[in-house]
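Dear colleague,

Please find below the structure for your review. My notes on its packing follow directly after it.

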Amino acid sequence: EYNTKAPEVVFMTIPFHPNIDMDTGKPCIDFVGEEYRVQSILLAIQTLLSNPTTENAVNPHAAHAYQNSPRTYRQMILDCVYASKRVAAGLPAYNDDDDDARQRIDVGIASSSSPLPASASKSVR
């Protein structure tokens, strides 16, 4: 079915990103009308990751953080990358002294089920 059916793209390590579903790891990428070449798929993912869209975000909490607190959003991304690298190396996600990073990540993940401020709910679909 290569190049005739849209590929299923899933992040195994789910990033905190407005356009990536926190439950499934699926990015919101529309491949309709495109050839399904590996090059175009990877370019679409790279573009998505570097240019988050907050309108109709699948992760409204990430969208809200991206729009309203860019410094916190960036730090959460760095914390997630750090934890992912440690897990990939066979280590615990955090050192014992990484309480700040652990708290930021835990709050970000837990907020996926908490209500958003009214101003953020406009971009939720």
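The findings are set out below, beginning with the basis of the analysis.

This is a predicted model, in which local features need pLDDT of at least 70 and side-chain atom pairs count only at pLDDT 80 or more, while totals for chains, interfaces and linings use all residues. Residues are numbered from 1 along each chain as its sequence is written, and side-chain values use heavy atoms, with hydrogens and water left out.

Buried here means under 20% relative accessible area, exposed over 50%, and partly exposed in between (1.4 Å probe, protein chains only).

There are two aromatic pairs, defined for rings of Phe, Tyr and Trp (its six-membered ring) with centres within 6.5 Å; planes under 30 degrees apart count as stacked, over 60 as edge-to-face and the rest as tilted. Phe 16 and Tyr 73 form a tilted pair, at 6.0 Å centre to centre and 45° between the planes. Tyr 66 and Tyr 73 form an edge-to-face pair, at 5.1 Å and 75°. Within it, Tyr 73 is buried, at 8% relative accessible area, whereas Tyr 66 is partly exposed, at 32%.

With kind regards
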